Amino acid sequence: MTTVTNGVNVQALIDAREVLKGAPEAAQFTWRASAKWNSGVHSTIKVHSFFGLGEEHNHKQESVFDADHPEVFAAEDNGITPIEYLIVGLASCLTAGVASVAENRGIQLRSVEATVEGAHDIRGILGADSDVRNGYNDIKVTFTIDADASRQEIEALVAQSQKRSAVFDALTNPTNVTVEVA
Amino acid sequence: MLERGEVANSWRRERWESLRLLTPNWQCRLPGLHYEGGDPDGYLTAGEVSEFIERFAKVSAAPVRTGAQVTSVRRVDGRYHVMTSLGEIGCETVVIASGACNRPAVPAFSAALPPGVDQLTPFDYRNPAGIRDGGVLVVGASATGVQLAAELQRSGHPVTLSVGEHVRLPRMYRGRDVLWWMEASGVWDQRHDEIDDLTRARRLPSPQLAGTPERTALDLNVLASAGVELVGRWATVRDGCALFSGGLRNVFSLADLKMERLLNTFDEWAETAGHNADVGPVERFAATRVPESARLQLDLRSGEIGTVVWATGFRPDYEWLDLPVMDAKGQLIHDGGVVDSPGVFALGLPVLRRRKSTFICGIEDDAREVIDHLARYLARRR
């Protein structure tokens with residue numbers, strides 16, 4: 001087999017899987033983000049620390065994101081809308097999955113591009129029609145992949161990537177969400 | 001041989017009326033007994049399976065003690081004490097052959113269903129007449145789920161089928177039963193120590209197959225054409241509503257791609273083994289059709305669904321086994337049927353030693369090898 005270099009350390013992931021099979025408590029992670037309201041519908045969100053493998057960690061550096069709404073929403077557009085952050089997460093998660101699965105299956109990738117479109121009926125959030133939901137009605141991800149593989153193998157990469165995707169799961173299945181006032 | 005009830009007990013008491021074997025009659029082979037009827041390509045009914053097993057008990061002169069419910073197996077001074085409803089037995093070795101399907105597995109959220117909805121497992125289900133009028137939500141799309149969905153829909157109940165990961169197979173491929181291909185191509189003979197991900201292979205749901213006289217496929221396209229509504233995997237119940245996954249399209253893709261890979265394996269084997277002349281031309285099947293908009297929730301208080309049928313798999317029951325040989329999920333820890341307690345062995349579990357381990361024609365090879373281990377164990381002790 002020729003050496004495949006998609007840059008994913010699959011061996012480390014496989015080793016982690018074996019270790020965590022016998023240590024489920026170490027597998028419990030907590031991801032965090034904190035938002036601070038600026039004015040209007042503009043807020044700034046910071047992500048730095050997380051918990052996992054039994055201890056606190058920090059990302060190499062703090063990431064700062066601005067969320068706002070576009071001018072057609074009568075806002076200042078200081079950043080993308082919160083619901084766009086969801087598809088940012090989905091696109092990056094599935095793309096990471098494609099690379100990991102390809103590495104594991106010995107498939108050399110040359111390019112991977114994903115475009116995501118989320119269909120959103122804003123009558124829901126405006127309260128204009130109580131039968132319309134607030135969130136996305138449909139999300140469509142289209143991958144364009146150039147790799148040393150057949151179309152069938154590429155489709156299998158994309159399918160397996162969805163099967164193991166945290167964000168795909170979070171969007172397609174219900175999650176308990178608790179929101180409270182401190 | 002201890003049997004809690006009578007010979008072929010689970011086939012007599014824990015099967016619905018219309019059930020037939022998934023394997024064609026010519027594959028009904030046990031050491032010294034094989035199908036001799038006039039329909040080698042047909043499929044035995046549950047009643048016929050009971051008779052077949054009963055005949056095997058006689059032909060093999062197996063020393064079966066019926067009505068012997070085992071209540072505990074303990075290790076005492078290097079031997080085993082087996083408590084049964086007929087008294088205690090002491091032995092050097094134990095072979096666990098109680099199967100993998102002792103209890104229907106039902107998700108914990110079943111407790112949150114509104115009280116007005118009937119809930120059945122495949123052990124409770126007998127026939128459509130026993131189901132109250134109205135809609136049925138069948139949960140799970142392996143062999144049991146697709147068969148019950150088809151039967152209930154045919155009988156006039158509007159059926160909704162909740163579909164998670166599943167194994168799609170055609171009944172017939174290139175003019176032969178798909179299980180002929182599994183056997184002839186050697187897929188069924190793949191050994192436990194040759195399989196990449198054995199845990200996954202052992203957890204594989206049963207394929208979407210039915211043994212009908214028409215020998216037709218029973219996949220999700222067939223069910224959808226018959227009027228069955230397909231929804232995603234049932235994730236939870238919230239405020240009396242069933243919430244289904246929006247990932248239906250991907251479980252279809254996974255199953256379609258997996259089936260195609262298997263058919264490729266068959267085609268390659270037919271080519272290299274020189275069987276192309278014995279079988280029909282290469283076939284490919286339409287992809288599973290994705291519903292235009294699969295429902296994500298269903299209000300269980302609305303009266304639309306009168307009955308939920310849990311076709312969500314089965315689990316073994318080892319409550320009687322007082323040995324530290326189970327993993328955290330309640331599965332027996334074993335290496336090809338050799339259990340990690342001296343002198344204890346297992347037979348008849350999924351991919352115990354080969355992919356065919358849980359099929360009638362698969363037990364013979366496994367049994368010979370496991371009994372070799374057992375005989376060597378006894379020889380070492382003497």
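Predicted model: local features only at pLDDT ≥ 70, side-chain atom pairs only at ≥ 80, totals over all residues.
1. Overall make-up of chain A. Chain A contains five helices and six strands, and, read from the N terminus, its elements follow the order α-β-β-β-β-α-β-α-β-α-α. The C-alpha trace of this chain spans about 55 × 40 × 30 Å along its principal axes, and 28% of its 182 residues count as buried.

2. A charged patch on chain A. On the surface, a patch of negative charge is formed by A:Glu71, A:Glu76, A:Asp77 and A:Glu84. One of these residues, A:Asp77, lies in the loop that runs between β4 (55-67) and α2 (82-104) of chain A. Is A:Asp77 buried or partly exposed? A:Asp77 has a relative accessible area of 42%, so it counts as partly exposed, given that this class lies between the 20% limit for buried residues and the 50% limit for exposed ones.

3. An enclosed strand in chain B. Strand β9 of chain B covers residues 135-139, and because five of its five residues are buried, the strand is largely enclosed by the rest of the structure. The cover reaches both faces of β9(B), with B:Gly135, B:Leu137 and B:Val139 buried on one side and B:Val136 and B:Val138 buried on the other.

4. The partners of that strand. Which strands pair with β9(B)? Five bridges in the parallel sense link β9(B) to strand β17 (residues 305-310) of chain B, where B:Val136 stands opposite B:Thr307. Strand β10 (residues 159-162) of chain B also runs parallel to β9(B) and is joined to it by four bridges, with B:Leu137 standing opposite B:Thr160.

Technical notes:
Residues numbered from 1 in each chain as written. Chains lettered and ligands numbered in written order. Heavy atoms only, no water. Patch = residues over 30% accessible without salt bridge, like charges linked within 9 Å, V, L, I, M, F, W, Y side chains within 5 Å. Areas by Shrake-Rupley, 256 points an atom, 1.4 Å probe, with all protein chains shown as cover. Salt bridge = Lys/Arg side-chain N within 4 Å of Asp/Glu carboxyl O. Lys, Arg positive; Asp, Glu negative; His and termini not counted. Charge placed at Lys NZ, Arg CZ, Asp CG, Glu CD. Helix = DSSP H or I, 4+ residues; strand = E, 2+ residues; numbered from the N terminus. Buried < 20%, exposed > 50% of the residue type's maximum accessible area, 1.4 Å probe, protein only. Pairing = 2+ DSSP bridges.
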